[in-house]
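Here are my notes on the model you sent over. Keep the viewer open and follow along as you read.

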Amino acid sequence: MKTLKTAIRATLAGLSLTLAAAGAAWAQGKTELLVYTALEADQIKAYKAAFEQDHPSIELKFVRESTGIVTARLLAEKANPQADAIWGLAATSLMLLDKEGMLAAYAPKGLEQVRPSMRDPRAQPTWVGMDLWSSAVCFNTVEAEKRKLPKPQSWADLTLPAYKGAITMPHPASSGTGYLMVSAWLQMMGEAKGWAFMDALHQNIGVYTHSGSKPCKQAGAGEFPVGLSFEYRANKTKREGAPIDIVFPKEGLGWDVEATAIMKTSKKQDAARALADWAVTRKANELYAKNFAVLALPTVQEQLEFVPQDLDKLLAKNDFHWAAANRDRILAEWSRRYEGKAEKKQ
């Protein structure tokens, strides 16, 4: 009996080793693609699962941070790039990387269906859009009533003395949402009036956060009555039951395009191209549509519950090339004026 038990144990142990070896071999058969992204953490899981379902031989590994932090990291790694691909980063950031010669030119399958305004216009583009995100104001109606605050209708309203200390906003060096707001104000108002507006707004700011989502979450929780954020997070926060109204200021909304790109130095070009191809498919756009109101494929569109159907008509005129070319200068001036109210980095 003892001999039989010993034999069974040995057989099971051998089987376990065999299965482990087989699993390791299977895992080694997969291509691991390192993807840098500024996608919201609650979006990545669904995107990753859908891509890997269609491409079981590729496993996506994500490095996720806010737009400004991802951009800075990619530029810092220029001499020794780590990422294979970028999926979900501002087009203005990708233009900076392209200027440094870091992106591979590639026309994904189905490129002809993408909105011309949401892609690099060259025949072999270095970046291709996924969706568009725009600024929005999250206004806590309960806190506003307590403090007797009027509901703002415009960017100009936010400079009224009534809002002193009541507003939170993303830091433009850390957050793509913060930068698209600053860039839009300077383009809409002209630089002199734009900086004058931000000087007045600064008097009412409680804190500049390092996340584009955080101001809306703070407003939803009642920490601040007013949070400058973007429409995806505003819609999601309101849908989850927070007592907020979403304001789309009447002067026009800052905006940018989330986009995909391939790193020129990646040794996994085939897998990276598979991701670039998939990122413009109808299936991918149907996932983007759950989060954003304006997509790269205009034929795939869903109505977000609390976002106007004609959001694209509310967007400010936006010169991407100007925003990218002047980014360093604008951020340096912004920091010189307003850094004192930035939250401490974790």
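Predicted model: local features only at pLDDT ≥ 70, side-chain atom pairs only at ≥ 80, totals over all residues.

1. Let's begin with a definition: a charge sits over a ring if NZ of Lys or CZ of Arg is within 6 Å of the ring centre and within 35 degrees of the ring normal. Lys238 gives one case, with its charged end over the ring of Phe306, 5.2 Å from the centre. Arg327 gives another: it lies over the face of Tyr179, at 5.6 Å from the ring centre.

2. The average pLDDT for the protein is 92, and 92% of the residues score at least 70. Residues 1-26 are another story: their pLDDT is below 50, and the stretch has zero contacts in the model beyond near neighbours in sequence.

3. Now have a look at helix H2, which covers residues 41-54. Which of its residues are buried? They are Gln43, Ile44, Tyr47, Ala50, Phe51 and Glu52. These buried residues pack against three strands, S1 (31-37), S2 (58-64) and S3 (85-90). They also pack against helices H9 (231-239), H10 (269-279) and H11 (282-288).

4. Tyr47 and Phe51 belong to a cluster linked by ring pairs, together with Phe62, Trp87, Trp278 and Tyr288.

5. The count of aromatic pairs comes to 13. Trp155 is in the loop between helix H5 (141-147) and strand S6 (167-170), while Trp185 is in helix H6 (residues 176-189), so the pair ties together parts 30 residues apart in sequence. Both of these Trp residues are buried.

6. Back to helix H11, where you'll find Asn285. Is Asn285 buried or exposed? It counts as buried because its relative accessibility is 0%, and the cut-off for buried is under 20%. Leaving out residues up to four places away in sequence, Asn285 touches Met130, Ala279, Val280, Leu295, Ala296, Leu297 and Val300.

7. Last, the largest pocket, with a volume of about 290 Å³. Its lining has 23 residues, and those nearest its centre are Ala38, Glu40, Arg64, Ser213 and Phe230. H2, S3 and H6 are the elements that give two or more residues to this lining. Which element gives the most? That's S3, with three residues.

Key. Residues numbered from 1 in each chain as written. Heavy atoms only, no water. pLDDT = per-residue confidence, 0-100. Contact = heavy atoms within 4.5 Å. Buried < 20%, exposed > 50% of the residue type's maximum accessible area, 1.4 Å probe, protein only. Helix = DSSP H or I, 4+ residues; strand = E, 2+ residues; numbered from the N terminus. Phe/Tyr/Trp six-rings, centres within 6.5 Å; stacked < 30°, edge-to-face > 60°. 1 Å grid on protein atoms, 1.4 Å probe; cavity = no way out; pocket = protein on both sides within 12 Å on 5 of 7 lines; lining within 4 Å. Points joined across faces, edges and corners; volume = space filled by probe spheres on them.
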